[in-house]
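Morning, everyone. Please look at the screen, and I'll walk you through this one.

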Amino acid sequence: MRDARPDLHARLARRLAEHQRVFDPTREPRNRLPWLKPLQAWQAQRLSRSFDVFLRDPARRPAADFFLTDVYGAHDFSRRDADIARVIPMMQRLLPASLLDTIADGIALAALSHAFDLRMAQALEALPPAGAALDVALYARAYREVGHPRLRARQIALIGEVGNGLSEALRMPGIGSLLRLSRLPARAAGLGALQSFLERGCAAFGQLGDAGAFLEDIRRSETAAMRRLFAGEADPFGLD
């Protein structure tokens, strides 16, 4: 378990501020780009196809679903993260530091992924002829136009950090009881989205046998796709 750090409150606050900035259409006008929603839907479908091998494994399916819906998918996490912003001081008193670190990593992943989506949508505005549909070739062109391979690698690393954090949380004595006891108070306080995120994550990883192997498989698959995209290979996702 990771030790509590005096800067944890500040780390959460920074992650939330960045998250709110990139999702705010007033502060970040690229949220209004026409390509953004089609891009996010296309990426969600691609990720589901890439995760098919995990989804067909009964032991891995809950964790794969959790990543697709709560961590790395095209979903709106604003309610969950607004919950976190409201209760940072209380969270520090009640939740283990390692679980708070995992929440911070999840927020960082959502913000970084969305920042890449904004850059991709902007690149797509300049690339295709009018009316062109998004396909692998066009996606790959925009991906290379955006670049930033180190940040892409960081995005993949954060997936593993969130998963490892949830796996660590399950090894802490009493974490299941703590989440069950906090269910009604959290909902009464309007924190149902955050409570649901934590419960679904822990439940999903509770059914997973070897979390390390699962996360390594994701890292290997997504890293290979990233390298093939930057190399300009015709089938970067190996889905044809």
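Predicted model: local features only at pLDDT ≥ 70, side-chain atom pairs only at ≥ 80, totals over all residues.

What is the chain built from? It has 13 helices and zero strands.

Now burial. The protein chain has 240 residues, and 46% of them count as buried. Its accessible surface comes to about 11800 Å². Carbon and sulfur atoms account for 54% of that surface. On to contacts. Take those between residues at least 6 apart in sequence: 76% of them join residues at least 24 apart.

Next, the core. The largest nonpolar core has 63 residues. Among those with the most contacts inside it are Phe 51, Leu 134, Phe 205 and Phe 214. Which helix gives the most to this core? Helix α7, residues 97-126, with 16 residues.

Stay with Phe 205 for a moment. Leaving aside neighbours within four places in sequence, its contacts include Phe 66, Phe 67, Leu 166, Leu 170 and Phe 214.

Last, the arginine. Find Arg 60 in the loop between α3 (52-55) and α4 (61-71). Is Arg 60 buried or exposed? Its relative accessible area is 16%, under the 20% cut-off, so Arg 60 counts as buried. What does its side chain pair with? It makes a polar contact with the side chain of Asp 217, at 2.8 Å. Not counting residues up to four places away in sequence, Arg 60 also touches Phe 54, Leu 208, Ala 213 and Phe 214, among others. And Phe 214, remember, is one of the core residues with the most contacts.

Note on methods: Residues numbered from 1 in each chain as written. Heavy atoms only, no water. Helix = DSSP H or I, 4+ residues; strand = E, 2+ residues; numbered from the N terminus. Buried < 20%, exposed > 50% of the residue type's maximum accessible area, 1.4 Å probe, protein only. Contact = heavy atoms within 4.5 Å. Areas by Shrake-Rupley, 256 points an atom, 1.4 Å probe, with all protein chains shown as cover. Core = buried A, V, L, I, M, F, W, Y, C linked by side-chain atoms within 4.5 Å. Polar contact = N/O pair within 3.5 Å; in protein donor to acceptor, adjacent residues only side chain to side chain.
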